[in-house]
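Here is a short briefing to read alongside the structure. Have it open in your viewer, and we'll walk through it topic by topic.

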Amino acid sequence: MIKMVRLDERLIHGQVATKWSRTLGVNRIVVADDDAAASEMMQKTLMMAAPSTCKVAIVGMDKALSFVNDPRAEKLSILVIVSTPENLLRIAREAHGIEQINVGNYGRIAPKRNGEERTRYTKNLYVYSDEAELLHEVLETGVPCNVQTIPDDAPVSLARVLG
């Protein structure tokens, strides 16, 4: 079962390893990211940051969807992490049984487009207008969506944040 899907451009880091994985009680973390799956260096870095309490898979989008939609995954407690709004939308549309979507950190370090500035929505969410449209499409999937950097923060509805 997918306990949560998180949009976080840093993928696995301290907030995920120490806070979210424990709060959610997950035993699996799936990093669904084609670039990370293709980079041995990125995989090693992410594995060093991963909590020892969870099995971690760093795989491309197709393989991630195949894994989480496998009926055997229903017995697991899974946190899926994506690094882009595009990947978040794909997971939201194609993965079965998502309990919640969390927008954590995006846009502060993500690649810029020809020097164009993203719009700031929260201290940890900056998006271009087309990325905001993708997040609106995520809302349309009907999966509960919030913005929350760490579990100690109060969750705020993504719809409210986007306006």
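**Salt bridges, helix packing and cores**

D130 is partly exposed, its relative accessible area being 32%. Its salt-bridge partner is R113, with N and O 2.9 Å apart. Please keep in mind that this is a predicted model.

**Salt bridges**

- D130 sits in helix α6 while R113 belongs to the loop between β5 (101-105) and β6 (119-122), so this pair ties together parts 17 residues apart in sequence.
- R113 also counts as partly exposed, at 32% relative accessibility.
- The whole structure holds 11 salt bridges.
- One of them joins the side chains of R90 and D62 at 2.5 Å, N to O; R90 is in helix α5 and D62 in helix α4, 28 residues apart, so distant parts of the chain are linked.
- Of these two, R90 is partly exposed at 28% relative accessibility, whereas D62 is exposed at 55%.
- R93 and E137 form another salt bridge, their closest N and O atoms 2.5 Å apart; this pair links helix α5 to helix α6 (residues 129-140) across 44 residues.
- Here R93 is exposed, at 52% relative accessibility, and E137 is partly exposed, at 27%.
- R6, D8 and R10 are connected in a salt-bridge network.

**Helix α4**

- In helix α4 (residues 61-69), the buried residues are M61, A64, L65 and V68.
- These residues lie on the same side of α4 because they cover an arc of only 95° around the axis.
- The other side of α4 carries the exposed residues D62, K63 and S66.
- The packing partners of the buried α4 residues are β1 (2-8), β2 (28-32), α2 (34-38), β3 (55-59), β4 (78-82) and α5 (85-94).

**Nonpolar cores**

- The largest nonpolar core has 37 residues, and V80, L88, I91, I101 and L125 touch the most other members.
- Beyond its neighbours within four places in sequence, V80 contacts I2, M4, V5, R6, V30, A32, V68 and I91.
- A separate core of 17 residues includes I12, W20, C54 and V56.

**Helix α3 and L46**

- L46 is found in helix α3 (residues 40-49) and is buried, with a relative accessible area of 4%.
- Setting aside neighbours within four places in sequence, L46 contacts R10, L11, I12, V31, A36 and I58.

**Cysteines**

- A search of the whole structure finds zero disulfides.
- C54 is buried at 10% relative accessible area, and C145 counts as buried at 10% relative accessibility.

Conventions: Residues numbered from 1 in each chain as written. Predicted model: local features only at pLDDT ≥ 70, side-chain atom pairs only at ≥ 80, totals over all residues. Heavy atoms only, no water. Buried < 20%, exposed > 50% of the residue type's maximum accessible area, 1.4 Å probe, protein only. Helix = DSSP H or I, 4+ residues; strand = E, 2+ residues; numbered from the N terminus. Arc of directions from axis to C-beta. Contact = heavy atoms within 4.5 Å. Core = buried A, V, L, I, M, F, W, Y, C linked by side-chain atoms within 4.5 Å. Disulfide = S-S within 2.5 Å. Salt bridge = Lys/Arg side-chain N within 4 Å of Asp/Glu carboxyl O.
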